[in-house]
Amino acid sequence: MTTSADVMPRNERLEVHYIAPTQFVPNSKLPILIYRNVIPDPGDHNGTAAILEGNGYRVDGFYGCYDTPHYHSNTVEAYAFVQGYTTIKLGKGPRDEDLGNEFYLSKGDLFVQPAGMVHSMIKSSPDCKYVGAYPQGSPHWDVRLGNEDPELVKTLKEGAAAVPIPASDPMFGPQGPLIHIWKAVSEGGNVPDRTKCHQKGYQVPCCESPK
């Protein structure tokens, strides 16, 4: 089976962004990850799905871009973009006053978000399509809209925070950047510095721990 380590594009880049929780949605202390131009052949949709599956992720399907804010309290989620582009808004539920955080994603990019991260695709090309993938063994995703009552929000925040870190990075396997970054943040030790990057063995830059 082809893996991302077998065929890697040039000009790949990893972005790490932190999205704070709000009163109404969990978001996460774990950062979202954007892998730029990392999919070897986005036009090969089945091949892209096979890479994710080979790295321990369950592929649930190919999806168009969805503009309603929502989050999944029970699973990590990865999007591998195989067509078109979108602007995704993160961190803002329907009752939040904050403007949220917007990121442009396009064909060839991989986006990974922790459980509880509210998201919506606010501006997309008509052909926007991505592979939706979830760590093997994770439950089928729930859908929360950010309009739940306060007691339920508290329970959902606790549940999202308890979702385990995946055993594998969707593109780079067990030694990939997701594992190193999320474990460092979750353990509260050497939290990666979001501004300093250096080259690692898995071929994309990863945020470095502060000295």
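Two strands pair if DSSP finds at least two bridges between them. Keep that in mind for a look at strands S1 and S2 of this predicted model: 5 bridges join S1 to S2, and the two run antiparallel.

S1 and S2 belong to an open sheet of 6 strands, and reading across it you get the order S1-S2-S7-S4-S9-S3, with antiparallel pairing. The edges are S1 and S3, each of which pairs on one side only. Going from strand to neighbouring strand, the turn is 20° on average, direction ignored.

Now for the helices that go with these strands. Helix H1, residues 45–54, packs on the sheet and touches S3, S4, S7 (110–113) and S9. Its direction makes about 155° with that of S3. Helix H3 lies across S1, S2, S3 and S7, and runs at about 155° to S2.

Which residues of H3 (177–187) are buried? They are Pro177, Leu178, Ile179, Ile181, Trp182, Ala184 and Val185. Just past the end of H3 comes Gly188, with a positive phi of about 70°.

Across from Thr87 you'll find Lys123 in S8.

Cys65 sits in the loop between S3 (57–63) and S4 (77–83), while Cys128 sits in the loop between S8 and S9 (129–135), so the bond ties together parts that are 63 residues apart in sequence. Are the two cysteines buried or exposed? Cys65 is partly exposed, at 24% relative accessible area, whereas Cys128 is buried, at 6%.

Two loop residues are worth a stop as well. Asn27 lies in the loop between S1 (13–17) and S2 (32–36). With a relative accessibility of 2%, Asn27 counts as buried, because the cut-off for buried is under 20%. A polar atom of the Asn27 side chain lies 3.3 Å from the backbone oxygen of Gly91. Setting aside neighbours within four places in sequence, the residues in contact with Asn27 include Ile19, Pro21, Thr22, Gly91, Ala115 and Met117.

The other stop is Pro139, in the loop between S9 and helix H2 (150–161). Pro139 counts as partly exposed, at 42% relative accessibility. Which residues does Pro139 touch, not counting those up to four places away in sequence? They are Arg58, Asn74 and Thr75. Take Asn74: Pro139 and Asn74 are 65 residues apart in sequence, and their C-alpha atoms are 6.9 Å apart in space.

How values were computed. Residues are numbered from 1 along each chain as its sequence is written. This is a predicted model: local features need pLDDT of at least 70, side-chain atom pairs count only at pLDDT 80 or more; totals for chains, interfaces and linings use all residues. Side-chain values use heavy atoms; hydrogens and water are left out. Helices (H or I, at least four residues) and strands (E, at least two) are DSSP runs, numbered from the N terminus. Buried means under 20% relative accessible area, exposed over 50%, partly exposed in between (1.4 Å probe, protein chains only). A polar contact is a pair of N or O atoms within 3.5 Å; within protein, one must be able to donate a hydrogen and the other to accept it, and residues adjacent in sequence count only if both atoms are side-chain atoms. Contact means heavy atoms within 4.5 Å. Axes are lines fitted to C-alpha atoms, for helices over the stretch in contact, and angles run from 0 to 180 degrees between N-to-C directions.
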